[in-house]
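Welcome, and please open the model in your viewer.

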Amino acid sequence: LGLTHYIVWFTPVGELPMRQRALEYDAEAEVGRASISTSLREFELQVTAENSETPNQPSDLLVASQKVREN
């Protein structure tokens with residue numbers, strides 16, 4: 001498949017996904033990390049598997065997702 005990158009996306013409510021960055025991924029340890037600041041107060045965070053670090057939209061290969069909301 002050639003999907004060698006894990007990309008973090010933020011999707012604000014009612015908007016299209018915005019690419020943030022690739023995870024720093026350690027394949028041997030199977031651990032990925034990213035530190036991303038945002039002013040968004042409510043969004044869905046998604047990690048997708050991709051074949052490049054700069055896709056225009058997320059692939060259908062969703063690795064993880066989490067809804068985030070500031071109280």
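Select the whole chain of this predicted model. A compact globule of 71 residues would have a radius of gyration near 11 Å, and the chain has 12 Å, so the two agree.

Next, switch to a cartoon view. How many helices and strands does the chain have? There are 0 helices and 6 strands, and reading along the sequence gives the pattern β-β-β-β-β-β.

Now display the contacts. Of those between residues at least 6 apart in sequence, 52% join residues at least 24 apart.

The chain exposes about 5,400 Å², and 44% of that comes from carbon and sulfur atoms. Colour by burial as well: buried residues account for 20% of the 71 in the chain.

Colour by charge while the surface is up. You will find 6 positive and 11 negative side chains, with the centres of the two sets 8 Å apart.

For the last stop, select strand E3 (24-26) and strand E4 (31-33), then zoom in on the loop between them, where Glu30 is found. Is Glu30 buried or exposed? Its relative accessible area is 63%, and exposed means over 50%, so Glu30 is exposed.

Stay here and look at the backbone. Glu30 has a positive phi of about 55 degrees, although it is not a glycine. Most residues other than glycine have a negative phi.

Terms used
Residues numbered from 1 in each chain as written. Predicted model: local features only at pLDDT ≥ 70, side-chain atom pairs only at ≥ 80, totals over all residues. Heavy atoms only, no water. Helix = DSSP H or I, 4+ residues; strand = E, 2+ residues; numbered from the N terminus. Buried < 20%, exposed > 50% of the residue type's maximum accessible area, 1.4 Å probe, protein only. Rg over C-alpha atoms; globule rule 2.2 N^0.38 Å. Contact = heavy atoms within 4.5 Å. Areas by Shrake-Rupley, 256 points an atom, 1.4 Å probe, with all protein chains shown as cover. Lys, Arg positive; Asp, Glu negative; His and termini not counted. Charge placed at Lys NZ, Arg CZ, Asp CG, Glu CD.
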